[in-house]
Amino acid sequence: MFVLSTSLAVALLAPAAPGDGLTLRAAVERVLARHPALTAAERSVDAAEAGADRVGSAWLPRVQAFGRVAAQGPVPTLSIDTGLTPPGAPGPLSIEREIGQRYTGAVGLEAGWRALDFGERAAMQAAAEAGADATRQEVRARAADLAWAVRNAYAAAAFFAEVQRVTTKALATAREARADAEARRASGMAADVDVAAAASRAADLEARLADAEAGAARAQESLRLLLGLPAGDLIALADPLPALAADPAEAAEPPPGVARLRAVARARRHSREAVDRAFWPTLDLKASGAWQDPRTFVETDPGLAWQVGAQLTWPLFDGDQRRRHARQLDAEVDALEAGARAADEDAARARAEAAARLYAARASADAAARSVEAAEVYLKAAEAARAAGAATHLDLERAADRLDAARLARTRARFDAARARADRLRADGVALESLSTEPSAPRSRFGGEALESDR
């Protein structure tokens, strides 16, 4: 499990100073450490591992204490006619004696150990361990889903924060332009259309700012719920949008859905092996010792009795249950292996689609960055022309709108890239990456310098 430091907890609850704040990695770590769904899944792993240990204990001997009391009847009587007639006796001498007792009892210990089973226990233990591995893959999948939700919520919060920043800056300029247009109209240097254009642009930006604030509130709330923070706490984000679109590292393991199906298929194959080996004979060694009354069938006094022996068991025919069970397991293995191949293909398609979207979004962000540069040049030219009287106020508003649209397009492309990266990591089943795969400065798709839009 992951531990959230005290300094990070403070950063979550208070506005961050410059350079501080909640990083994406820290957010994922916190969710993985606290989310009850993941805790429940991990307890399932504990249960599966305990079950595998229980199956493995079949190798150990069994010892049990016992006590018994019984009444029996009739008590056997031994009659012997000697055929000898003692002097003075009326007839031949005969001997009659009870063998055993009507009431018997014993207290003792009994131990048994299966010395030979032709590998049935080993196959059953391997099947249980493979089942535990399948449960671990379910935990991987659950963790990857939670991390995906965190990455999307974090990216959404960063996106709307950037939209707010860009829109607030543009709105301040638009309000200044509106005031300037109104002043020029009052002095007869501007027409009503110039004032209307400036007012319309300011109104559009005010509406967009309201939408961005609402979106930021929703994204912050989603992130707070995942992090388990109280409602209303403002989460300061440390990672900007470009950092959220860094190329993910290649996954070291197959996707958890594929790995789980393969593990279940492996468990079924071991179960099939156990069924085959159950046909062969088993050899059990047994020993017991007891204080019993009577000590033996003949001796009527109580005393210690013991017994040591071996038992060979060979189930020659079981009503065809074993063969039918083997057919069932063979069919399940075939179905699971086919499902694993299908899941592998689905994961490969999801990875390829996410990688293509990531590259396309980052290319769009790069193109949008060049558009921003061109729009800034166009706006400066429009301002100069307006000052020289060669352009109207409407031309200036159009130039500002063009720059604003280019900036929003760049922000949107970065957001799309961050979401595509989250989808790629989810397809790979990656919950928490190594520190080197979430750098503060992103690199290009080909491993070179960052895109121009990311600088």
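Q: Where does Phe118 lie?

A: Phe118 is found in the loop between strand E4 (103–116) and H4. Helices (H or I, at least four residues) and strands (E, at least two) are DSSP runs, numbered from the N terminus. The model is predicted, so that local features need pLDDT of at least 70, side-chain atom pairs count only at pLDDT 80 or more, and totals for chains, interfaces and linings use all residues. Residues are numbered from 1 along each chain as its sequence is written, and side-chain values use heavy atoms, with hydrogens and water left out.

Q: What is the phi of Phe118, and is Phe118 buried, exposed or partly exposed?

A: Phe118 has a phi near 60°, a positive value in a residue other than glycine. To judge exposure, one uses relative accessible area: buried means under 20%, exposed over 50%, and partly exposed in between (1.4 Å probe, protein chains only). Phe118 has a relative accessible area of 41% and is therefore partly exposed.

Q: Which other residues take a positive phi?

A: Two further cases may be named. Asp320, a residue other than glycine, has a positive phi near 65°; Asp320 lies in the loop between E6 and helix H7 (321–388).

Q: Which peptide bond is cis?

A: The bond from Asp293 to Pro294 is cis, with omega near 0°. Pro294 belongs to the loop between strand E5 (282–293) and strand E6 (303–313).

Q: How many helices and strands does the protein have?

A: There are 8 helices and 6 strands. Along the sequence they follow the pattern α-α-α-β-β-β-β-α-α-α-β-β-α-α.

Q: What span should H4 have, and what span does H4 show?

A: The expected span of a helix is 1.5 Å times one less than its number of residues. H4 has 67 residues and should span 99 Å; its end C-alpha atoms are 98 Å apart, which agrees. Helix H6 (residues 256–277) is a second example: its 22 residues reach 31 Å from first C-alpha to last, close to the 32 Å expected.

Q: Which residues of H6 are buried?

A: An α-helix has 3.6 residues a turn, so residues three or four places apart point the same way. The buried residues of H6 include Leu261, Ala265, Val264 and Ala267, as well as Ala274 and Val275.

Q: How many residues of H2 are buried?

A: H2 is mostly covered, with 9 of its 11 residues buried. Among them are the charged residues Arg25, Glu29 and Arg30. In the protein as a whole, buried residues make up 38% of the 455 residues.

Q: Which residues have the most contacts inside the largest nonpolar core?

A: A nonpolar core is a set of buried Ala, Val, Leu, Ile, Met, Phe, Trp, Tyr and Cys residues joined through side-chain atoms within 4.5 Å. The largest one has 35 residues, and Val150, Leu223, Leu227 and Leu244 have the most contacts inside it. Helix H2 (24–34), helix H3 (36–56), H4, helix H5 (192–227) and H8 each supply at least two residues of this core. H4 gives the largest share, 13 residues.

Q: How many salt bridges are there?

A: Side chains of opposite charge can pair when their charged atoms come close. A salt bridge here is a side-chain nitrogen of Lys or Arg within 4 Å of a carboxyl oxygen of Asp or Glu, and the count comes to 33. Arg121 pairs with Asp117, with the closest N and O atoms 2.8 Å apart. Arg121 counts as buried at 9% relative accessibility, and Asp117 is buried at 4%.

Q: Which residues form salt bridges with Asp320?

A: Asp320 meets Arg323, the closest N and O atoms being 2.7 Å apart, and Arg324, at 3.1 Å, N to O. Arg323 counts as partly exposed at 44% relative accessibility. Elsewhere, a network of salt bridges links Glu49, Asp133, Arg136 and Arg266.

Q: What residues line the largest cavity?

A: A cavity is a set of points on a 1 Å grid over the protein atoms alone where a 1.4 Å probe fits but cannot get out; lining residues have an atom within 4 Å of a point. The count comes to 1 cavity of 30 Å³ or more, and the largest has a volume of about 40 Å³. The residues lining the largest cavity are Leu24, Arg151, Ala155, Leu244, Ala418, Arg421, Ala422 and Leu425. H8 gives the most to this lining, with 4 residues.

Conventions
On a 1 Å grid over the protein atoms alone, a cavity is a set of points where a 1.4 Å probe fits but cannot get out, and a pocket is an open set with protein on both sides within 12 Å along at least five of seven lines; lining residues have an atom within 4 Å of a point. Grid points are joined across faces, edges and corners, and a volume is the space filled by probe spheres set on the points.
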